[in-house]
Amino acid sequence: MTLPLTIRPEVKAALEDGAPVVALESTLITHGLPHPTNVETALAMEAAVRDASAIPATIAILKGAITVGIGAEDIESLARMPAAQVRKCSRRDLAIATALGQYGATTVAGTMIVAKMAGIKLFATGGIGGVHRGQPHDVSADLTEFGRTPVTVVSSGAKSILDLPLTLEALETNGVPILGYRTDVLPAFYSGRTNLPIDQRIESAAEAAAIIRAAQALGAQNGILVAVPAPAEHELDLEIAEAAIAQATRDAAASAIGGKDITPYVLSRVSELTKGASMAANIALLINNARIAGEIARELGRL
């Protein structure tokens, strides 16, 4: 069976030439942000990667074809589709979406898998999935993927709507090193920093690249998390964020919302409760993470 993987020409040429490439996910386009903010943010992330002298590769499934490097028209088309018509693709969903010719948006786990298939070492996103608050057995597949897929993910830690201490424990269990980009503690997504320690503080993209290169030389088969705090001017006050998250989590429970629907629901509800401040922080950190991932990819190429 022919692998349903399409790598668009610009990305393919960059990979063949050994040029720096950064993978970007597509769930934020279809399930994370409203239109037209989703399109504007996705394109701004691509621009940030280019500003760092790297090539962006936004990943999605288009009528069953896993596509690495979708274009602006594809982004616009996905952004306008009802979320129910686009499968949210983690590891368990990829075979279904490709076999049945569906549209799919890749999660952190899904993007890591496809990035590895394509030979891309860096991936930028907002926040990874984790262990849900009050539901310790509801654990995102992202954490398992980190333990078996050697792709480095640049994010602002895990989404702060999650149980961060338990998420950190799960990452440790899976052997995932957490590098704090100019921070000694785990970022709390859009609301500043936690008091949770990380494995190693780093000060530059060059240091991150050196650690990634060492992991490759050792034959490590796990991912690496580079945790980047949200830009200070866009951080959401921690007390405001926590109050909104607590209310949104109660609302989700009252409405019996769970599984893969809970994260987009809670994020949307938190945005409503904070009058858009959480969304502004989310957008700012997405773009910042894309830029830093581009810088790390560039430094990795030099090694």
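Are Phe 189 and Tyr 190 buried or exposed? Both Phe 189 and Tyr 190 are buried. Please keep in mind as you read that this is a predicted model. Below is a friendly tour of its charged pairs, its aromatic pair, a helix crossing and a few backbone details.

**Aromatic pair**

- The structure holds one aromatic pair, and Phe 189 and Tyr 190 are its members.
- The rings of Phe 189 and Tyr 190 sit 4.7 Å apart, centre to centre. With 45° between the planes, the arrangement is tilted, because stacked needs planes under 30 degrees apart and edge-to-face needs over 60.

**Salt bridges**

- Side chains of opposite charge can pair when their charged atoms come close. In this model the count comes to 14 salt bridges.
- One of them joins the side chains of Glu 145 and Arg 91, at 2.6 Å from N to O. Glu 145 belongs to helix H7 (residues 141-146) and Arg 91 to helix H5 (residues 91-99), so this pair ties together parts that are 54 residues apart in sequence.
- Glu 145 has a relative accessibility of 1% and counts as buried, because buried means under 20%.
- Another salt bridge forms between Arg 133 and Glu 242, whose closest N and O atoms are 3.0 Å apart. This pair links distant parts of the chain, 109 residues apart: Arg 133 is in the loop between strand S8 (131-132) and strand S9 (135-139), while Glu 242 is in helix H10 (residues 238-254).
- Arg 133 is partly exposed, with a relative accessible area of 25%, and Glu 242 is partly exposed at 31%.
- Arg 201 and Glu 203 also meet through their side chains, with 2.5 Å from N to O. Arg 201 counts as partly exposed at 31% relative accessibility, and Glu 203 counts as partly exposed at 38%.
- A network of salt bridges links Arg 87, Arg 92 and Asp 93.

**Where H10 meets H11**

- The axes of H10 and helix H11 (residues 262-273) come within 9 Å and cross at roughly 130°. That angle makes H10 oblique to H11, and the crossing is right-handed.
- On the H10 side, the contact is made by Ala 244, Ile 245, Gln 247, Ala 248, Asp 251 and Ala 252.
- On the H11 side, the contact residues are Ile 262, Tyr 265, Val 266, Arg 269, Val 270 and Leu 273.

**Loops and backbone details**

- Ala 256 lies in the loop between H10 and H11. Its phi is near 55°, a positive value in a residue other than glycine. Ala 256 counts as exposed, at 71% relative accessibility.
- Lys 275 is in the loop between H11 and H12, and its phi is near 55°, again a positive value in a residue other than glycine. Lys 275 counts as exposed, at 78% relative accessibility, because exposed means over 50%.
- Gly 276 lies in the loop between H11 and helix H12 (277-302). Gly 276 is partly exposed, with a relative accessible area of 27%.
- From Gly 276 to Ile 287 is 11 residues in sequence and 17 Å in space, C-alpha to C-alpha.
- His 35 and Pro 36 are joined by a cis peptide bond, with omega about 5°. Pro 36 lies in the loop between helix H2 (27-32) and helix H3 (37-51).

Conventions:
Residues numbered from 1 in each chain as written. Predicted model: local features only at pLDDT ≥ 70, side-chain atom pairs only at ≥ 80, totals over all residues. Heavy atoms only, no water. Salt bridge = Lys/Arg side-chain N within 4 Å of Asp/Glu carboxyl O. Helix = DSSP H or I, 4+ residues; strand = E, 2+ residues; numbered from the N terminus. Buried < 20%, exposed > 50% of the residue type's maximum accessible area, 1.4 Å probe, protein only. Phe/Tyr/Trp six-rings, centres within 6.5 Å; stacked < 30°, edge-to-face > 60°. Axes fitted to C-alpha atoms, helices over the stretch in contact; angles between N-to-C directions. Parallel < 35°, antiparallel > 145°, perpendicular 65-115°, else oblique. Left-handed = near helix turned anticlockwise from the far one by under 90°. Contact = heavy atoms within 4.5 Å.
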